[in-house]
Amino acid sequence: MAASKPELLPVYLNVYNVSNYESVKVLNAVFAHLWAPVKFGGVFHVGVQIGDIEWSYGKTLTASRPGVIGLPPLSDTKHSFRESIFMGHTEKSLEAINAIVRDLVEDFPGYQYDVFRKNCNHFADSLCHRLQVSRMPEHINRFARIGACAENFVKDNFGDFKHSSWAHIVPSSLASYVGGSEKAPACEKYGHGRYTVPKKLVKKTFGVPGAVRVTANMEVAPL
């Protein structure tokens, strides 16, 4: 009898309008209407849902706080949900996925977040690539690529241009939504490593009963 194939996990790209401002929803509806055959771009936040965990990346102000975090799917209240895009099934095992996330934690520290060159969309596309599923649609990060090109042009012709604060381009009330928040998420209390996952998700996904912690080498272990 042939050995049964391991269960394949579905992968979704959960796309949000950055913040809950109606103006952002209108902008995205104009430049990237859900039913338009050609989408020009928009201001989006994304997370990659693998099974029962949605992984995303955001800005932090200290090197000790993780930029990568796992949350229950569609639970990010800082942004308004727009759509879920099925990216395919990954053949990676849970152990392999955990190793991929550990590598991405190193590649995407929160303090290195950059609106144009290292944002949540770059993280999501890299994660999807490593999971060997579909790549992220081009229009989702198009505005960031345009911004990077514009910044390069300004640097080449007029000297250095600082965009460390997104508030130079959009109102300060929106700036914190673009790169995430320094405020620790609710699930942080369950972990002591460089990324954290809510206890109930770890129990469900990794089969670890009771309270859990994330060790220094990113392995899930019971307390």
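**Close-up views of a predicted model**

**View 1. Arg-82 and Glu-83 meet through their side chains in a salt bridge, with 3.8 Å from N to O.** A salt bridge is a side-chain nitrogen of Lys or Arg within 4 Å of a carboxyl oxygen of Asp or Glu. Arg-82 is buried at a relative accessible area of 14%, and Glu-83 is buried at 19%. Buried means under 20% relative accessible area, exposed over 50%, and partly exposed in between (1.4 Å probe, protein chains only). This is a predicted model, in which local features need pLDDT of at least 70 and side-chain atom pairs count only at pLDDT 80 or more, while totals for chains, interfaces and linings use all residues. Residues are numbered from 1 along each chain as its sequence is written, and side-chain values use heavy atoms, with hydrogens and water left out.

**View 2. Asp-107 and Arg-130 form a salt bridge, their closest N and O atoms being 2.9 Å apart.** Asp-107 belongs to helix α2 and Arg-130 to helix α3, so the pair ties together parts that are 23 residues apart in sequence. Helices (H or I, at least four residues) and strands (E, at least two) are DSSP runs, numbered from the N terminus. Both residues are partly exposed: Asp-107 has 33% relative accessibility and Arg-130 has 28%.

**View 3. In helix α1, Lys-25 forms a salt bridge with Glu-22.** The closest N and O atoms are 3.3 Å apart. The two residues are separated by about one helical turn, because they are three residues apart in the helix. Lys-25 is partly exposed at 27%, whereas Glu-22 is exposed at 52%.

**View 4. Val-26, Val-30, Phe-31, Val-38 and Phe-40 make a nonpolar surface patch of about 500 Å².** Patches are made of residues with over 30% relative accessible area and no salt bridge; like charges are joined within 9 Å, and nonpolar side chains (Val, Leu, Ile, Met, Phe, Trp, Tyr) within 5 Å. Accessible areas come from the Shrake-Rupley method with a 1.4 Å probe. Val-30 lies in helix α1 (residues 22-31) and is exposed, at 58%.

**View 5. The largest nonpolar core has 33 residues, of which Leu-13, Val-48, Leu-127 and Leu-131 touch the most other members.** Helix α3 gives the largest share, six residues. Such a core is a set of buried Ala, Val, Leu, Ile, Met, Phe, Trp, Tyr and Cys residues joined through side-chain atoms within 4.5 Å. Leu-13 has contacts (heavy atoms within 4.5 Å) with residues including Val-46, Val-48, Ile-85, Met-87 and Ile-140, not counting residues up to four places away in sequence.
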